[in-house]
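Please consult the sequence and the structure shown below while reading.

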Amino acid sequence: MAGLLPFRDINVHASSAHYAFTSPSNTTAPTLVVERPSGDIRLNNGQLLGTKRVSSIAGILGIIKLKLDKYIIVITKAEPMGRLRGHMVYRVVATEFLPLRERPLHDPDEDTYLTYLKLLLHNGPMYFSYSIDLTNSFQRQAQADLSQPLWTRADDRFFWNRFVQTDLIDFRLGGGSGSGTRGGQQPGADPYILPIMFGMLRITPAKVRSTTFTFALMTRRSRHRGGTRYFSRGIDEHGHVSNYNETEQIVILNDTAGPAVGYAGSDTSTGKVAGSTSETQIMSYVQTRGSVPVFWAEINDLHYTPKLQIRGVDTAQKAARKHFLEQIRIYGENYLVNLVNQRGREERVKKAYEQMVRALVSAPEEDVEADRKTSELFHEIEPKGGKQRMDKLHYIYFDFHNETKGLKWHRAQLLLDQLMDGLNKGGYFKGVEMPGNTEALDVRLRQTAVVSDDLAFEHLYRNIWADNADVVSKSYSGTGALKTDFTRTGNRTRMGMAQDLNNSVTRYVKNNFLDGPRQDAFDVFLGAYLPSTAGVGTAQTFVDKRPLVVQAVPYILAAMVFIVFVFLMTSRAPDATVWPIRIFMLLCVGVAAWSAQFILANGMLFVNWPKLNTPQYAIEGFSNAMTRAQKDPVLAKVLQAVPGNAKRVRNISQTNVGYMEEGKKRMD
């Protein structure tokens with residue numbers, strides 16, 4: 001097992017010429033050297049002179065190249081979260097960026113990139129283990145080749161730091177540079193490559209009646225098309241859907257809870273503790289979620305409900321086929337549950353999804369079931385032939401919003417009843433480890449688990465799932481999930497309703513005014529955008545290129561509202577002259593009304609769009625809004641009063657959306 005698992009302890013040594021990484025508990029392991037400022041990587045088998053130990057770290061997160069420099073991202077602090085089969089799992093608590101060069105230049109874009117990335121890593125829930133693969137479900141782990149290094153066994157979808165590990169992986173595979181290592185495999189680099197999972201993880205001891213076990217819930221977020229709520233929707237040409245997650249619910253009987261065994265060079269592959277005589281039983285259930293697999297988007301314009309845009313379903317068939325082929329290859333039969341509204345703006349998404357399923361399965365058969373509340377309580381699309389791979393898709397629509405309206409959440413049971421056949425067919429995974437036998441059995445049981453009516457466990461179970469909903473929601477929407485008070489208690493509460501109101505308001509603010517930088521951070525860290533080295537020392541990428549008068553409108557509105565508020569709250573002397581103040585207040589009210597009307601009429605000018613990979617609809621909508629804005633009678637007069645402004649406004653589509661066009665070019 002030596003060299004197959006990441007090092008548990010790494011010391012960092014620094015000099016003006018390089019960074020060196022060593023494992024003090026593995027004295028025979030080679031030293032990983034990253035040259036400064038070139039970034040070339042090599043392994044050193046002897047003692048490295050001229051370096052000074054600067055810190056101990058929990059692992060190397062990766063290496064990223066920005067506009068001006070490369071940075072080694074290291075994990076400086078990790079928190080133990082619990083054990084799975086005796087393997088300790090950790091959460092990333094703190095990271096640090098080690099620059100490769102001493103920067104004589106100051107570049108605002110570089111500083112912005114670093115700020116965005118540090119916020120992403122600080123707020124993002126990331127987990128890792130030195131000895132167990134968190135990116136794969138237990139069923140996939142049972143089928144893995146344990147003779148391979150941990151990073152090569154990782155599921156590429158959930159290997160969150162895969163892009164920033166590219167330099168180390170290329171070096172390991174022989175594509176690195178420096179000291180004649182190009183072209184040769186470098187297995188000594190394996191222990192320095194640490195896979196990270198992004199998502200939610202909770203491990204806790206539990207008990208149902210007299211049976212004790214380890215209960216765990218894990219949600220893995222895909223690194224493909226990761227992003228924010230409104231800036232990442234639908235599917236891409238490669239078959240990746242936005243904000244895709246895999247959730248695994250795990251029960252382990254006779255779990256090994258002893259101390260972790262050794263360091264990376266020790267045999268911790270099974271998690272066994274010496275002296276264990278009972279078989280370890282692992283049972284897990286997996287489900288996935290993701291965006292509707294068609295080309296669609298929700299366009300922010302400061303209205304509470306964004307506009308919906310859907311391209312023709314035919315254009316997305318090739319991409320959707322790729323997506324579902326992967327789903328079928330990994331998970332087998334797929335039951336596609338759709339809970340969107342069947343009326344209003346979401347109806348178009350529902351119909352597009354159903355049209356896509358009809359196009360993919362052979363000889364689709366449809367069944368619609370109604371009740372007294374809705375004409376389409378259930379809508380099922382099943383393949384008639386069942387001979388093609390796509391015939392493993394089963395579509396079920398449930399009118400969730402109508403059926404549970406009026407706090408009738410118990411009616412969600414109707415959906416579970418409808419899915420029971422599929423749940424029984426799918427079953428769950430069970431792995432059994434006999435003492436002295438390290439091979440887990442891969443079993444698909446044709447039954448479903450029954451949870452006891454144990455109130456203590458029910459409370460634990462409800463709260464863990466509610467926590468999961470909050471974490472998943474926060475990662476893309478910016479707030480916790482809605483209606484989790486029902487998940488936690490089984491009832492809607494006033495406190496829960498107040499929290500939902502707070503979350504809704506917070507989501508509106510974040511999704512319109514704060515999510516642009518968050519999306520940019522995702523794109524840089526995940527490799528969807530590669531920073532350009534052009535224009536070093538000048539700030540171009542993140543500069544607000546709107547005319548100053550347009551930028552000033554929200555501040556004018558805030559100032560006018562503040563003045564009116566102060567006027568209403570201030571008492572006046574009986575003999576004071578009132579009419580001049582009232583005229584001034586009326587003027588302030590008029591300016592405030594114009595400002596509010598201008599902002600709402602041209603909302604796309606005030607949304608904080610991503611500036612790196614700006615969506616095409618945002619580029620077009622921004623340009624159209626600016627053209628409308630220049631026709632505003634008040635704004636036009638202000639612009640014409642300032643020499644040169646009129647010409648700049650006429651050329652707005654070429655100048656003020658320059659950063660958006662640049663983003664589009666990089667995406668192409």
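Buried denotes under 20% relative accessible area, exposed over 50%, and partly exposed the range in between (1.4 Å probe, protein chains only). Strands (E, at least two residues) and helices (H or I, at least four) are DSSP runs numbered from the N terminus.

The model is predicted: local features need pLDDT of at least 70, side-chain atom pairs count only at pLDDT 80 or more, and totals for chains, interfaces and linings use all residues. Residues are numbered from 1 along each chain as its sequence is written, and side-chain values use heavy atoms, with hydrogens and water left out.

**Strand pairing**

Strand β16 runs parallel to strand β19 (residues 393-398), and five bridges join them. Within β19, H394 is the bridge partner of Y335. Pairing requires that DSSP finds at least two bridges between two strands. An antiparallel case is given by β14 and strand β15 (residues 307-310), which pair over four bridges. Here A297 has Q309 of β15 as its bridge partner. In strand β14 (residues 296-299), W296 and E298 point one way and A297 and I299 the other way, yet all are buried.

**Salt bridges**

The structure holds 33 salt bridges, each defined as a side-chain nitrogen of Lys or Arg within 4 Å of a carboxyl oxygen of Asp or Glu.

| Pair | N to O distance |
|---|---|
| R202 and D467 | 3.5 Å |
| R220 and E248 | 2.7 Å |
| R492 and D500 | 3.0 Å |

The side chains of R202 and D467 meet in a salt bridge. This pair links distant parts of the chain, with R202 in strand β10 (residues 197-208) and D467 in helix α9 (residues 455-477), 265 residues apart. R202 counts as partly exposed at 30% relative accessibility, and D467 is also partly exposed, with a relative accessible area of 25%.

R220 and E248 likewise meet through their side chains. Because R220 lies in strand β11 (residues 211-221) and E248 in strand β12 (residues 245-253), the pair ties together parts that are 28 residues apart in sequence. R220 is buried at 1% relative accessibility, and E248 is buried at 0%. Salt bridges that share partners join R140, D155, R157, R220, E246 and E248 into one network.

D500, which forms a salt bridge with R492, is buried, with a relative accessible area of 9%.

**Contacts of V286**

V286 is found in strand β13 (residues 280-289) and is partly exposed, at 26% relative accessible area. Leaving aside residues up to four places away in sequence, V286 touches S137, E246, T247, E248 and Y331, where contact means heavy atoms within 4.5 Å. V286 and S137 are 149 residues apart in sequence, while their C-alpha atoms are 7.8 Å apart in space.

**A nonpolar surface patch**

L501, V505, V509, F513 and L514 form a nonpolar patch on the surface, with about 430 Å² of accessible area together. Patches are made of residues with over 30% relative accessible area and no salt bridge; like charges are joined within 9 Å, and nonpolar side chains (Val, Leu, Ile, Met, Phe, Trp, Tyr) within 5 Å. Accessible areas come from the Shrake-Rupley method with a 1.4 Å probe, and for residues only the protein chains shown count as cover. L514 lies in the loop between α11 (494-513) and α12 (515-525) and is partly exposed at 47% relative accessibility.
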